[in-house]
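Good morning, and thank you for joining.

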Amino acid sequence: MSRSIADVLAEARARLHRVGPQEAATLLERGARLVDTRPQWQRDEEGSFADALVIERNHLEWRLDPASDARIPEAVDHDVTWIVACSEGYSSSLAAASLQDLGLHNATDLDGGFRAWKAAGLPTG
């Protein structure tokens, strides 16, 4: 039996507590980390978050896994709250579910992505 990307996305989102822009901003104030996974061309075209780590999608798991030799300094343990963002909140859902598969149980994504963040009037760079 084959599955569509819509099925995979629905399964990923069912595992997440997705956060909207305002809730994400509150979580960031409490120590969560925002990760922008958009490619450079998209950041150039749309704008950027004022304070996000930029880790393009193809590097994400290696940079955030605390057991990885390629991890970033912020990837200290499996309890970090990571909020993954893309342009509109589709690929970020898949990415956040992948992080949960690594045991990063607080990983989630930004519902609506950068576009929703910007529309909410939250800080951009």
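I shall begin with the chain as a whole and then turn to local features.

Please bear in mind that this is a predicted model. The chain contains six helices and four strands, and its elements follow the order α-α-β-α-β-α-β-α-β-α along the sequence. As for overall dimensions, the C-alpha trace spans about 40 × 35 × 25 Å along its principal axes. The radius of gyration is 14 Å, which agrees with the value near 14 Å for a compact globule of 125 residues. Of the contacts with a separation of 6 or more, 63% join residues 24 or more positions apart. Buried residues account for 44% of the chain. The exposed surface comes to about 6700 Å², and carbon and sulfur atoms supply 50% of it.

Is A95 buried or exposed? Its relative accessible area is 0%, so A95 counts as buried. Leaving aside residues up to four places away in sequence, A95 touches R57, L60 and V84.

Finally, the largest pocket. This pocket holds about 250 Å³ of space. Its lining comprises 13 residues, and L28, L34, D51, A52 and W117 lie nearest its centre. Two elements, α2 (21–29) and β1 (33–36), each give two or more residues to that lining. Helix α2 gives the most, with three residues. By class, the lining has 10 nonpolar and three charged residues, and no polar ones.

Terms used. Residues numbered from 1 in each chain as written. Predicted model: local features only at pLDDT ≥ 70, side-chain atom pairs only at ≥ 80, totals over all residues. Heavy atoms only, no water. 1 Å grid on protein atoms, 1.4 Å probe; cavity = no way out; pocket = protein on both sides within 12 Å on 5 of 7 lines; lining within 4 Å. Points joined across faces, edges and corners; volume = space filled by probe spheres on them. Nonpolar A, V, L, I, M, F, W, Y, C, P; charged D, E, K, R; others polar. Buried < 20%, exposed > 50% of the residue type's maximum accessible area, 1.4 Å probe, protein only. Contact = heavy atoms within 4.5 Å. Rg over C-alpha atoms; globule rule 2.2 N^0.38 Å. Areas by Shrake-Rupley, 256 points an atom, 1.4 Å probe, with all protein chains shown as cover.
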